[in-house]
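This briefing is meant to be read beside the sequence and the model. Please keep both in view while going through the points below.

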Amino acid sequence: MSPPPILIVDDVTTHLTIFSATLEAEGHDVITARSCQEALELAQRHSPDIALVDLVLPDGDGVGLIAKLTSCVPTLKPIAVTAFASVDRAVSAMRNGAVDFLVKPLAPDQLVSVVNNALAGRSVGQLSEESMARSSGLVGDAGSSQPMKDVCETIRAVAGSAAPVFITGESGTGKVTAAATLHAQSGILTGQFVKIDCSTTDPERIEAELLGHAATADQAEKTGAVERAKDGTLLLDEVCALSPIMQARLLNILQSGRVTPLGGGAPYLMSCRFVCTSTPDPAAEVAAGRFRADLFYRLNVVPVHLPPLRERGMDVIEIAETELDRLCAQEGRPFRTLSDGVKSVFLEHTWPGNIRELINVIWNAALLNDGPVIEISDLPPYLRGIRPSPVGQSGLDNPRFPGRTDPFEGRTLAQIEQQAIEAAIQAANGSVPAAARALDVSPSTLYRKLENWGKPVRGARKG
Ligand SMILES: Nc1ncnc2c1ncn2[C@@H]1O[C@H](COP(=O)(O)OP(=O)(O)OP(=O)(O)O)[C@@H](O)[C@H]1O
């Protein structure tokens with residue numbers, strides 16, 4: 001029997017032809033779709049292993065398609081494909097079930113490497129959990145800023161207790177990694193680290209995933225996550241996404257400590273440590289009535305907040321260098337270090353996708369270039385457009401702020417906004433509409449701001 005095929009979803013014929021030829025040359029079977037509708041039909045018929053999904057499709061949104069594909073083929077590993085300007089869309093795709101993302105234009109060896117990694121069960125998002133199982137903790141391996149020292153201290157202090165921990169932070173800041181670190185450092189937990197993604201698991205199935213179910217006429221018995229995490233850690237990733245009904249059931253389980261599998265299996269006592277994560281601020285979710293206050297107080301015994309990368313100062317360089325070493329060893333690439341210009345750009349950029357975005361930038365640069373030093377020209381265009389601060393002004397060598405750790409220090413919000421907008425326009429070769437698309441605002445917003453700053457605008461409409 002031939003292995004399941006790889007599904008490529010893109011409405012541009014040349015992309016379909018090039019991606020298919022590259023993967024077929026590696027011995028993969030490929031099927032192609034040009035729309036969400038066609039992709040869903042093919043997925044139902046062929047149960048592909050991997051789907052490469054372009055995030056902009058003629059009849060819908062690729063992020064939504066990824067969620068639908070994984071719900072119709074639970075074993076499917078989707079990979080989001082996006083244009084340079086929409087890294088945050090890719091981050092949102094990963095939050096909706098994508099195991100990895102690729103940024104166009106794709107180099108053939110990069111496409112093959114990401115697909116092979118996904119087939120082997122490795123992705124940027126999963127490597128850390130593997131490492132975590134082996135190491136005594138990845139959070140803290142790289143990054144010595146004060147906010148991260150505080151986080152590591154909290155993790156060390158509470159790892160050995162059974163108290164529930166609630167980890168918050170923007171997407172890609174390392175919440176799941178921190179949860180796995182807690183498990184690895186516990187010293188007392190002998191069971192497994194089990195993760196349930198509450199935002200992508202089908203709401204109809206989440207109760208059975210959590211509690212398990214007895215055998216039925218058409219389904220074999222299923223062991224629930226609570227039981228699999230016996231004497232270990234149960235991570236409820238993005239717990240605020242649970243429906244009101246599931247929130248009530250979870251509260252009930254926490255209060256009684258007893259779990260009864262669906263369909264009448266034998267009840268058992270729960271013995272796992274609960275760790276939850278949330279990207280939206282859980283207190284705001286409670287205030288808005290979307291998350292139960294009583295459940296939040298039960299789960300939020302030890303709060304841990306992961307700072308965004310832009311507030312971690314020089315950590316961005318430490319993490320980039322550590323990851324460069326790791327990825328070069330893994331991929332056999334010859335890079336040794338980052339140029340000073342690249343370090344300066346990294347300190348200027350605001351990293352909306354946080355560590356995940358940084359790792360993808362490093363991976364891209366190391367795969368597509370020759371080394372031994374990563375230069376600005378090796379970075380994706382949206383980063384090349386960022387002007388490093390003049391000598392003496394960057395975080396690397398700023399005499400006013402020796403050892404400065406905050407790239408925003410000394411700047412107002414308005415100055416940071418102006419710099420981000422100018423960088424986007426430069427990256428879009430001076431096109432305001434293209435920069436507006438990249439920043440997800442209307443062109444008129446940018447024209448208005450440029451006018452207020454007294455900047456000449458190419459192609460601006462009068463009146
Ligand atoms: N301290 C770290 N050093 C190196 N890599 C890290 C570190 N923390 C996280 N990562 C990597 O960053 C990526 C994002 O981490 P993780 O999935 O833990 O973030 P998250 O906050 O849970 O993201 P999301 O909210 O989008 O699910 C992963 O690839 C992980 O391996």
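H14 passes H15 in a right-handed crossing, a crossing being right-handed if the near helix is turned clockwise from the far one by less than a right angle, and left-handed if anticlockwise. This is a predicted model, in which local features need pLDDT of at least 70 and side-chain atom pairs count only at pLDDT 80 or more, while totals for chains, interfaces and linings use all residues. Residues are numbered from 1 along each chain as its sequence is written.

**Overall make-up**
- The protein has 20 helices and 18 strands, which are DSSP runs numbered from the N terminus (helices: H or I, at least four residues; strands: E, at least two).
- Of its 463 residues, 39% count as buried, where buried requires 20 or more other C-beta atoms within 10 Å of the residue's own, exposed means 12 or fewer, and partly exposed lies in between, with C-beta atoms placed from the backbone.

**Helix H14 with helix H15**
- The axes of H14 (residues 315-331) and H15 (residues 340-348) come within 9 Å and cross at roughly 125°; axes are lines fitted to C-alpha atoms, for helices over the stretch in contact, and angles run from 0 to 180 degrees between N-to-C directions.
- That angle makes H14 oblique to H15, since angles under 35 degrees count as roughly parallel, over 145 as roughly antiparallel, 65 to 115 as roughly perpendicular and the rest as oblique.
- Val316, Ile317 and Ala320 of H14 make the contact with Lys343, Phe346 and Leu347 of H15, two residues being in contact if their C-beta atoms, placed from the backbone, lie within 7 Å.

**Helix H19 with helix H20**
- H19 (residues 432-439) and H20 (residues 443-452) pack at an angle of about 115°, with their axes 8 Å apart.
- H19 is therefore roughly perpendicular to H20, and the crossing of the two is right-handed.
- Val432, Pro433, Ala435 and Ala436 in H19 meet Pro443, Thr445, Leu446 and Tyr447 in H20.

**Residues with positive phi**
- Ser47, in the loop between helix H2 (36-46) and strand S3 (50-54), has a phi near 40°, a positive value in a residue other than glycine, and with 15 C-beta neighbours inside 10 Å it counts as partly exposed.
- Asp231, in the loop between helix H10 (225-228) and strand S12 (233-237), has a phi near 60°, likewise positive in a residue other than glycine, and with 12 C-beta neighbours inside 10 Å Asp231 counts as exposed.
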